[in-house]
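Please keep the sequence and the structure in view while reading.

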Amino acid sequence: MNITSATYVGSKPHHTQCPNDGRPEYAFIGRSNVGKSSLINALTGRKNLALTSATPGKTMCINHFLINNKWYIVDLPGYGYAQRGKSAMEKLKTMISSYVLEREQLTCLFVLIDIRHDPQKVDLAFLHFLGSHGVPFAIVFTKADKLPPSKVKTTANKYLEALKEDWEELPTYFITSATNKLGRDELLDYIENINKNL
Ligand code: GTP
Ligand code: MG
């Protein structure tokens, strides 16, 4: 799929304040600093569309980007970042879970996982939560450029093996890098295919 236009629409603290036009939307979620905003920029080919930062906790609201005038990309705040303090963490948790459970136009949630890390409790718990509520999702491994190419597949497979303890059927997954655009075309094709079949 070609991205012919990508426009920032708005940033809201609650999904009920977000665009309500029924266009399909694809949201990116995962722990703080996993590379959600960077991946959105890589996918759209717009360097500063989503704000990124080396300091975790950059994205604090639900950010909508309209793509090709047809569908939305949504940048969500990261979960599991304790530095913010307990009440801010609770607020974010509520924002994320109400978005995920109530947002009718959410078509697929991409759950980002840093490919270098072993399975983390907070990610496994989040995937479990999605599964138990029937939320459609796919896994996106990020920062693959940080591993030697020969290790990328085996590292992802190790992660997937661990997931098998929890899941009968493995979810769809992608291996990506915002730095060298690995996986970009596959991810965009996946979205295009879903859009076609809606
Ligand atoms: P929050 O909004 O804070 O939750 O973070 P985020 O998940 O949106 O992460 P962000 O895109 O801001 O990236 C965090 C850091 O990781 C930045 O320093 C990025 O440059 C770096 N980064 C993101 N993606 C990649 C990648 O594919 N490769 C490499 N090498 N670095 C990356
Ligand atoms: Mg971000």
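**A walk through the sheet and its helices**

Phe28 has Asp75 in S4 as its bridge partner. The model in which this pairing occurs is a predicted one. The bridge belongs to the pairing of strand S2 (residues 25–30) with strand S4 (residues 71–75), which is parallel and extends over four bridges. In general, the strands of a sheet pair through backbone hydrogen bonds, in either a parallel or an antiparallel sense.

The axes of helix H2 (residues 86–102) and helix H3 (residues 121–132) come within 11 Å of each other and cross at roughly 30°. Because angles under 35 degrees count as roughly parallel, H2 is roughly parallel to H3. Their crossing is right-handed. On the H2 side, Ile96, Ser97, Val100 and Leu101 meet Phe126, Phe129 and Leu130 of H3. Sorted by class, this contact of H2 with H3 comprises six nonpolar residues, one polar residue and no charged residues.

Attention now turns to individual residues. Leaving aside residues up to four places away in sequence, Asp114 touches Val34, Thr142 and Lys143. Asp114 and Val152 are 38 residues apart in sequence, and their C-alpha atoms are 11 Å apart in space.

Two asparagines in loops deserve a separate look. Asn33 is situated in the loop between S2 and helix H1 (36–44), and has a positive phi of about 80° although it is not a glycine. With a relative accessibility of 35%, Asn33 counts as partly exposed. Asn68 lies in the loop between strand S3 (62–67) and S4. Asn68 also is not a glycine, yet has a positive phi, of about 50°. The relative accessible area of Asn68 is 17%, and because buried means under 20%, Asn68 is buried.

Key. Residues numbered from 1 in each chain as written. Chains lettered and ligands numbered in written order. Predicted model: local features only at pLDDT ≥ 70, side-chain atom pairs only at ≥ 80, totals over all residues. Heavy atoms only, no water. Axes fitted to C-alpha atoms, helices over the stretch in contact; angles between N-to-C directions. Parallel < 35°, antiparallel > 145°, perpendicular 65-115°, else oblique. Left-handed = near helix turned anticlockwise from the far one by under 90°. Contact = heavy atoms within 4.5 Å. Nonpolar A, V, L, I, M, F, W, Y, C, P; charged D, E, K, R; others polar. Pairing = 2+ DSSP bridges. Buried < 20%, exposed > 50% of the residue type's maximum accessible area, 1.4 Å probe, protein only.
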